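This report examines side-chain contacts and helix geometry in one protein structure. The sequence and the model are shown first.

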Amino acid sequence: MMVQVWSGREVRALRECQRLSIREFALRIGVSERMVSRWEAGGEQIRPRPINQAGLDSLLAAASDAERSRFAARLKGPEAPSAPPSEPVRAATPPSRFDHSGSRSRAAILMDSGHDQSSDVFAMQSFRTADRQVGGGHLYSSVVKYLHVQVGPRLFGGDLIIEDPAVFTAAAGLTEMAGWMAHDAGRDDRAYSHFLRAFHLSKAGKDRQLGVHILASLSHLAHHRADSNGAVRFAQAGQRALAQGPANPELSARLLAMQARGHAAEGNAGETHNLLAKAENALDGTHQETPSPWVSRFDLGSLSSEAARCTRQLGKHNEAAGHAERIIALRTSSRTRSHAFGQLFLIATLIDQGEPAEACRLVREVVDATQSVGSHLIVQQFRDIREQLTQYADSPAVRETRQSLAETIRQRVWLQQWITSDASSPQVTRG
């Protein structure tokens, strides 16, 4: 159930049905409290901007069944919109094609520009391969530039409006990738904005798998921002969408893992392990349709990373160490960042288990292996490990390691700020 165009009255209904304060609601959609208050005060006479309409669509998509029922009930009455509540969202649908007599065909325009969907997929795969080696901090501005220069004009440029779902899918897939790179560069507010835009665009692109994948990305980001309830809602919304079409084992496993993290945050070990087991079983399933090239793979290495997070949060240090070792085994050194994350998980669990000497040895390996990786997330883990080692600061080896980490952090923070200082966000939403 979605609304077609949001009004201030519908904004208030959505906030109240989810029992959120204005501050909580504003944080969920990435706007100021003042803006939410202005929308609600305007009632039927005010309409949020298109990018904010997309954020509201996504928040409603992540609502529980009970919240949806409360939302529908609040819209009933003389002021209710004429469109039925069950009408599907069309916020991202391109405008109707106008009759341009003598206009060239869409294929001719794309051929002249030298771009088609295969070019965009190749670009995405190239960015993804490089990202695994050097991190999002180095590549974010390049993906943004590609969206501006190569994709944006095909969406909004020229006199002919092109109704081609493939262009919207490319915009959605690359914008979602920009979101992950922004997240890796430590810009979570920007990442959230990119993910919302990508979800908005994916509906016009008609790639169901990509839409579900983006909901899982929103769930991951919510976990990172310590919003476990929001994370579970996004994952559940993804499951509802996935249930409407052919089975996709990898997306199913990823959504189950996101829910497992929600239960781990609540300290519910039984349900966490149950969902992780279901996720591993799901990976044995069969794809009932060809996997979308825009969706990154979720395999046993990916699941081990989520399981390591869950079990460490539950205080299950031996299990967390086992999952970390599995990541290291499954992620070869050619996937520099993923391999490093496995090692960093293992370092943290070694310190948890009172083995600082082995942890310090591994720290030196990771620092050396990630010198060319621009990742705020790795720097943040260095900070966390340095803090963890404080309890063993009397050891000369630990003191040396902590000093080395302090210098590494200082250098990499400076480098990241310099690399990303001129990056701008892609404007690929419908205005």
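A salt bridge is taken here as a side-chain nitrogen of Lys or Arg within 4 Å of a carboxyl oxygen of Asp or Glu. The model is a predicted one, in which local features need pLDDT of at least 70 and side-chain atom pairs count only at pLDDT 80 or more, while totals for chains, interfaces and linings use all residues. Residues are numbered from 1 along each chain as its sequence is written, and side-chain values use heavy atoms, with hydrogens and water left out.

**Salt bridges**

| Salt bridge | Closest N and O atoms |
|---|---|
| Asp-299 with Arg-331 | 2.8 Å |
| Arg-361 with Glu-365 | 2.7 Å |
| Arg-410 with Glu-407 | 2.7 Å |

Helices (H or I, at least four residues) and strands (E, at least two) are DSSP runs numbered from the N terminus. For accessibility, buried means under 20% relative accessible area, exposed over 50%, and partly exposed in between, with a 1.4 Å probe and protein chains only. Asp-299 is partly exposed at 29%, whereas Arg-331 is buried at 6%.

Arg-361 and Glu-365 are four residues apart in helix α18 (residues 356-369), a separation of about one helical turn. Arg-361 has a relative accessible area of 35% and is partly exposed; Glu-365 is also partly exposed, at 36%. In helix α20 (residues 396-420), Arg-410 and Glu-407 are three residues apart, again about one helical turn. An α-helix has 3.6 residues a turn, so residues three or four places apart point the same way. Arg-410 is exposed at 52% relative accessibility, while Glu-407 is partly exposed at 34%. Elsewhere, salt bridges with shared partners join Arg-12, Arg-15, Glu-16, Glu-40 and Arg-74 into one network.

**Aromatic contacts**

Rings of Phe, Tyr and Trp (its six-membered ring) pair if their centres lie within 6.5 Å; planes under 30 degrees apart count as stacked, over 60 as edge-to-face and the rest as tilted. The whole structure contains three aromatic pairs. One of them, between Trp-6 and Phe-71, is tilted, with 5.8 Å centre to centre and 45° between the planes. This pair links distant parts of the chain, since Trp-6 is in the segment before α1 (8-17) and Phe-71 is in helix α5 (residues 65-75), 65 residues apart. Trp-6 and Phe-71 are both buried.

Phe-127 and Tyr-146 form an edge-to-face pair, at 6.1 Å centre to centre and 80° between the planes. Phe-127 is in helix α7 (residues 117-134) and Tyr-146 in helix α8 (residues 136-156), so the pair ties together parts 19 residues apart in sequence. Phe-127 and Tyr-146 are buried.

A charge sits over a ring if NZ of Lys or CZ of Arg is within 6 Å of the ring centre and within 35 degrees of the ring normal. Arg-225 lies in this way over the face of Tyr-192, 5.3 Å from the ring centre.

**Helix α9**

Helix α9 (residues 165-184) has 20 residues and reaches 29 Å from its first C-alpha to its last, close to the 28 Å expected at 1.5 Å a residue; the expected span is 1.5 Å times one less than the number of residues. Of its 20 residues, 18 are buried, so α9 is largely enclosed by the rest of the structure. Just after α9, Gly-186 adopts a positive phi of about 85°.
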